[in-house]
Each structure stands twice: as structure tokens, then as C-alpha cells.
Amino acid sequence: MTASLDCLYSFRRCPYAMRARMGALFAGLQVELREVTLKNKPAQMLAISPKGTVPVLRLADGAVIDESRDIMVWALEQQDPQGLLDATVLDQANACLLYTSDAADE
Ligand SMILES: N[C@@H](CCC(=O)N[C@@H](CS)C(=O)NCC(=O)O)C(=O)O
């Protein structure tokens with residue numbers, strides 16, 4: 001299945017935008033990246049997402065996703081060749097996070 005992505009407004013150093021880009025990358029989806037200057041956001045981006053944060057994903061049908069986690073999950077729901085949304089993988093990741101935070105508490 002080929003998802004109809006249009007463009008992803010992004011900012012290179014933003015961790016949220018990185019999360020969205022990684023979602024698209026791991027999903028194997030191609031998307032036109034539009035690098036944004038946060039001090040001078042493009043009017044087209046503000047028109048579809050007035051809150052003015054990146055990332056913003058616009059789909060070919062005009063739908064907009066403007067939360068990084070939602071973009072990542074949406075991308076992986078289109079294609080997930082590595083099974084990253086697989087419950088077992090998520091359990092392992094959560095266990096790893098808990099282990100790391102436990103170790104940090106000691
Ligand atoms: N909850 C949002 C947070 C996005 C966010 O805060 N991005 C920052 C850049 S790292 C931003 O666009 N800030 C607006 C600004 O600096 O004007 C998400 O996960 O997508």
C-alpha cells in the first residue's frame with residue numbers, strides 16, 4: 001500500500017520533528033521535507049496548523065497531523081516492515097525504559 005503523503009514541515013534540530021522523520025524513515029515512506037525557520041514560519045504551515053509547532057504532516061487528501069507521536073504512529077500504521085508497533089517489541093522497549101530509570105534512581 002502506498003500512503004499519500006504530501007509534505008512534512010520540519011526543523012532539523014527539533015526532537016519532535018526528528019521523531020516524525022524517524023517514523024517516516026522506519027515506515028519506508030517518502031515525503032517532501034520542508035525545513036522551517038521557527039522565527040519565520042511559512043504561512044502555508046500556519047494556515048493548516050495555527051498552533052505553529054513542528055512537525056506538521058499534510059497528507060495528499062488535505063488531512064493534517066500536527067503531533068509528532070501521532071505522525072510516527074500514523075506512518076508505522078501505513079507500513080511497518082520491522083514490526084515496531086508489534087506488542088512484543090513495545091513491551092521490550094518499555095521494559096528497557098523502566099530498567100534505565102530504575103538504574104538512574106540508584
Ligand atoms: N507536542 C508537540 C511539540 C512540538 C514542539 O514543541 N516543537 C517545537 C520545536 S522543537 C516548536 O515547534 N516550537 C514552536 C516555536 O519555537 O515557535 C509534538 O510532539 O509535535
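Strands here are DSSP runs of E with at least two residues, and helices are runs of H or I with at least four residues, both numbered from the N terminus. Two strands count as paired if DSSP finds at least two bridges between them. Leu8 has Leu33 in strand 2 as its bridge partner. From strand 1 the chain passes through helix 1 to strand 2, and this β-α-β crossover is right-handed. Right-handed means that, with the strands pointing away from the viewer, the path from the first strand over the helix to the second runs clockwise.

The model is predicted; local features need pLDDT of at least 70, side-chain atom pairs count only at pLDDT 80 or more, and totals for chains, interfaces and linings use all residues. Residues are numbered from 1 along each chain as its sequence is written.

The protein chain holds four helices and four strands. Along the sequence they follow the pattern β-α-β-α-β-β-α-α. The C-alpha atoms fill a box of roughly 50 × 35 × 20 Å, taken along the principal axes.

The four strands form an open sheet in the order 2-1-3-4, with mixed pairing. Strand 2 and strand 4 (64–65) stand at the edges with a single partner strand each, so one side of each is left without a neighbour in the sheet. Leu5 stands opposite Leu59 in strand 3. Strand 3 is in turn joined to strand 4 by two bridges, again antiparallel. There, Leu57 stands opposite Ile65. The hairpin of strand 3 and strand 4 has four residues between the strands, and Gly62 in this hairpin takes a positive phi near 95°.

The peptide bond from Val54 to Pro55 is cis, with omega near 5°. Pro55 lies in the loop between helix 2 (43–48) and strand 3. Most peptide bonds are trans.

Helix packing comes next. The axes of helix 1 (residues 15–27) and helix 3 (residues 68–78) come within 8 Å and cross at roughly 0°. Helix 1 is therefore roughly parallel to helix 3, a term for angles under 35 degrees. Axes are lines fitted to C-alpha atoms, for helices over the stretch in contact, and angles run from 0 to 180 degrees between N-to-C directions. Residues of helix 1 in this contact include Tyr16, Ala20 and Phe26, and those of helix 3 include Ile71, Met72 and Leu76. Contact requires C-beta atoms, placed from the backbone, within 7 Å. By class, the contact has eleven nonpolar, three polar and two charged residues. Ala, Val, Leu, Ile, Met, Phe, Trp, Tyr, Cys and Pro count as nonpolar, Asp, Glu, Lys and Arg as charged, and the others, Gly among them, as polar.

The residues around the ligand are Phe11, Cys14, Tyr16, Leu38, Gly52, Thr53, Val54, Pro55, Glu67, Ser68 and Arg69. Each has its C-beta atom, placed from the backbone, within 6 Å of the ligand. Six of these residues are nonpolar, three polar and two charged.

Technical notes: Parallel < 35°, antiparallel > 145°, perpendicular 65-115°, else oblique. Contact = placed C-beta atoms within 7 Å.
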